[in-house]
Amino acid sequence: MTIAPPEPRVGRATQVTGFRTGNEMAALSVKQMNFHLMGYYPITPSTEIAEILDEMKAAGEHKIVMVPADGEHSAAGICYGATTGGGRVFNATSAQGLLFALEELPVQSGTRYPMLLDVATRAVSGPLDIRGDHSDIYYLLNTGWLIFMARDPQAVYDMNLIALRVAERADVRLPAIVAFDGFFTSHQKRRVSSFTDDATVQDWLGPVPEMVTALDPRHPVTIGPYMNDPDLINNKYQLERASQAALAAIPEVFAEYEALSGRRYDAVDLYRMDDAEVAVFLLNSAAPTAKDVADRLRAEGVRAGVISPNVIRPFPADAIREALRGVRAVVLAERAPSYGAHGANLSHEVKSALQEDPDNHTLCLSRVYGLGGRDFYAEDAEAFFRLAIEAAECGSVAVPFDYYGVEPGDPAKPPRPRRGAPPLTRQETTSGLLTVEQGPDGRLKVDAPPFWQLAAKPKRILPGHGACPGCGIFPALDQFLRGIEGDVVVLYQTGCAMVVSTGYPFTSHRITYVHNLFQNGAAALSGLVEMFHERARRGELPIGEDITFVMVTGDGGMDIGMGAAIGAALRNHGMIVVEYDNQGYMNTGSQLSYSTPLGHMTSTSHVGPAELGKAFHHKDTPQIMAATNIPYVFTGVEGYPDDLVAKAAKAQWYAKRQGTAYGKVLISCPLNWKTEDRVGVDIVQAAVDSCFFPLYEIEGGITRITYDPDPIGRRVPVADWLKLMGKTSHLGKPGNEATLAAIEAEVERRWLRLKARDENPLL
Ligand SMILES: Cc1ncc(C[n+]2csc(CCOP(=O)(O)OP(=O)(O)O)c2C)c(N)n1
Ligand code: SF4
Ligand SMILES: [Mg+2]
């Protein structure tokens, strides 16, 4: 049974105006729509939506359940599961996040559970570029989701309200996306209006439509059964019909929204197209620039117009065909590639729409532009119009498809000579001062000189990277890498260490460096390790080539990439995984990670009357990795260089002979911890002395604490560590005793268990 959508409201509702960004408008609309649940994972430029909603929640402004996932695949799964429970669900993402979630999206549409997903569009990696183009959203064209486009912050708000209303119609029941341009729209403030009362928005949406749910045990149902020929094609046909029903419903919903808000949208936004002879077709934020240019050209006597769809799924083919009826030439400009397809996707869809009209003679030129967030100026719009004018004048198209605004380079030109420091030689990286031997008990004994003696070894990471002052990443990595002799190849997962140390065409790494997405670095490195051994076995590499493979990851990378890391560990490849833990997703602006401790404040775990920082305890990653039974697990910090060097030397020994080594290194992050640049080492010391971050190793399954503050009288209360950081200063205030006690109890529980393991090799 379904509940009919609400009657359209007669007359406009009261609104307020202000200046807001697209992300702010997205968050505002979501709060007003009063979703039951949001599943999310941070990724620039959409992250702010969750951050703002979390801040609002902490302030008690809404009660939407916000579930921080361990990756977008999980976030999409959380959303899917929640929709089968019959409530309203929201998610927001971009680029790799969208692609990581991709697999789940047809499940959502195939089972016909509506929900809303905001996409702040961004270029898809690799190489990594966080700025806005439409290459991510184009992957979604075949997922069965409705896709609305929002060209400015106002449209983000409006389309969110419209999209869910269409999505939930009884004849549609499909999930919907609202896509707006990363940074251009997500981060730029514009004058906007929004409804004064949340009730207006909730009345507009009406009650949640009744659906088959998994939460009605009296009426058991099977959701998503195995389905084969001949039913699957029928299921897909029904989905197609639902898309067509949405296409039919959209003008009606737009009209109702106009009556409520005074703002008019059409499936295709047409600007001066009535009598246009030449036109440019553009999506989203580039369209207004082209409109200004069309005005200017009209003043010169050129009948120019702009065509820009507000909906691309379903594709409004009829409206586009109609709009282009009298147009002599159109440039179909798209911010997304479709390699080898002789034009990007929507160019082909426009051409196919025109082909159905035998009287249409519009000449089409397809251009890919603006990838990686390349700005689009009036000159660019004018260049497109000039192309259309030229084609219209000569009655033919010289170059039907091309990229616009590229410098292809000359493959015949030799590569630029290497600049900067010369490559390191094996002699330089082999100090000969470190020896590792296996004792009769199977344990390794490292003979290392005092740390200062290793200072002569050249750094594998050069200064000149862009880390914040006081950042502990590179001092700690430098110490760690000094414990490793010989040639090293590193793989960095996405995170601060990666972002601040490479920026094409520059690098801070003197050794070979590979980047992979932070959900899959361990898999990639394991592949490289195996290729090294196989090519060596085949005699394809110089005799005696000896490389140590090290993956560098943040704590966030050990959330989203946990599966890949566990997979590599279970296969036990000869490699080292070293995690620098700054207790948050810093590269994206300080969101909580699963390593963020309970009660700590981050940009997705705010502190306010209704929220007290992170809601669950920090992840015990070393223990998780130890459970894979890899030969070596350790923890370390920058303040104990001799300890860290010895552990690095052991990790190298094990990686070369027995398999995977994993280590977690706590590093200071003044930005996340909200501390002065110079106090990082003191805070890390307090984390160790309070036993929040014990220093230990697990060798062949046997635990040994390498620094015990108890017997030397250095143990400090957990509260002493917490009071050193701005992100935890609230925990010392009255009213927050229970959270503080919970952190203390958990720290103590883990410490006592570790001690027991240290004392008993069987544990
Ligand atoms: C699939 C995917 N989701 C999200 C992101 C955005 N992202 C890049 S790095 C990062 C956080 C990394 O955190 P961590 O591993 O702890 O490293 P840190 O930035 O703290 O150094 C996030 C969320 C991404 N690049 N890809
Ligand atoms: S945000 Fe933190 S981890 Fe990232 S570079 Fe700055 S100090 Fe280092
Ligand atoms: Mg981190």
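How many bridges join strand E14 to E15? There are three of them, linking residues 363-368 of strand E14 to E15, and the two strands run parallel. Before I go on, let me say that this is a predicted model, in which local features need pLDDT of at least 70 and side-chain atom pairs count only at pLDDT 80 or more, while totals for chains, interfaces and linings use all residues. Residues are numbered from 1 along each chain as its sequence is written, chains are lettered from A and ligands numbered from 1 in the order in which they are written, and side-chain values use heavy atoms, with hydrogens and water left out.

Let me stay with the sheet. E14 and E15 belong to an open sheet of six strands with mixed pairing, in the order E9-E11-E10-E13-E14-E15, where two strands pair if DSSP finds at least two bridges between them. Its edge strands, each pairing on one side only, are E9 (268-271) and E15 (401-403), and the twist from one strand to the next averages 20°. At the E15 end, Val368 stands opposite Tyr403. The names of these elements follow DSSP runs numbered from the N terminus, with helices being H or I of at least four residues and strands being E of at least two.

Helix H10 (residues 286-299) lies across E9 and strand E11 (304-309), running at about 165° to E11, whereas helix H13 (residues 378-394) lies across strand E10 (278-281), E11, strand E13 (329-334) and E14, at about 140° to E10. For these angles, axes are lines fitted to C-alpha atoms, for helices over the stretch in contact, and the angle runs from 0 to 180 degrees between N-to-C directions; contact means heavy atoms within 4.5 Å.

Now to a helix pair. The axes of helix H17 (residues 521-537) and helix H19 (residues 562-571) come within 7 Å and cross at roughly 35°. Ala522, Ala523 and Ser526 of H17 make the contact with Ala564, Ala565, Ala568 and Arg571 of H19. By class, these residues are five nonpolar, one polar and one charged, where Ala, Val, Leu, Ile, Met, Phe, Trp, Tyr, Cys and Pro count as nonpolar, Asp, Glu, Lys and Arg as charged, and the others, Gly among them, as polar.

Which helix is largely enclosed by the rest of the structure? That description goes to helix H23 (residues 680-689), because eight of its 10 residues are buried, buried meaning under 20% relative accessible area, exposed over 50% and partly exposed in between, with a 1.4 Å probe and protein chains only. Among the buried residues of H23 are Ile683, Val684, Gln685 and Asp689. The partners against which the buried residues of H23 pack include strand E26 (632-637), strand E27 (661-666) and helix H24 (718-722). Just after H23, Cys691 takes a positive phi of about 70°.

Ser194, in strand E8 (residues 190-195), has a relative accessible area of 5%, and, leaving aside residues up to four places away in sequence, it touches Thr14, Gln15, Val16, Met25, Leu28 and Tyr157. Val253, in helix H9, has a relative accessible area of 1%; Val253 and Val166 are 87 residues apart in sequence, yet 7.0 Å apart in space, C-alpha to C-alpha.

On a 1 Å grid over the protein atoms alone, a cavity is a set of points where a 1.4 Å probe fits but cannot get out, and a pocket is an open set with protein on both sides within 12 Å along at least five of seven lines, with lining residues having an atom within 4 Å of a point. Grid points are joined across faces, edges and corners, and a volume is the space filled by probe spheres set on the points.

The second largest pocket has a volume of about 660 Å³, and of its 24 lining residues Gly110, Thr111, Arg112, Ile223 and Gly224 lie nearest its centre. H9 (231-261) is one of the helices that supply at least two lining residues, and H9 gives the most, with six.
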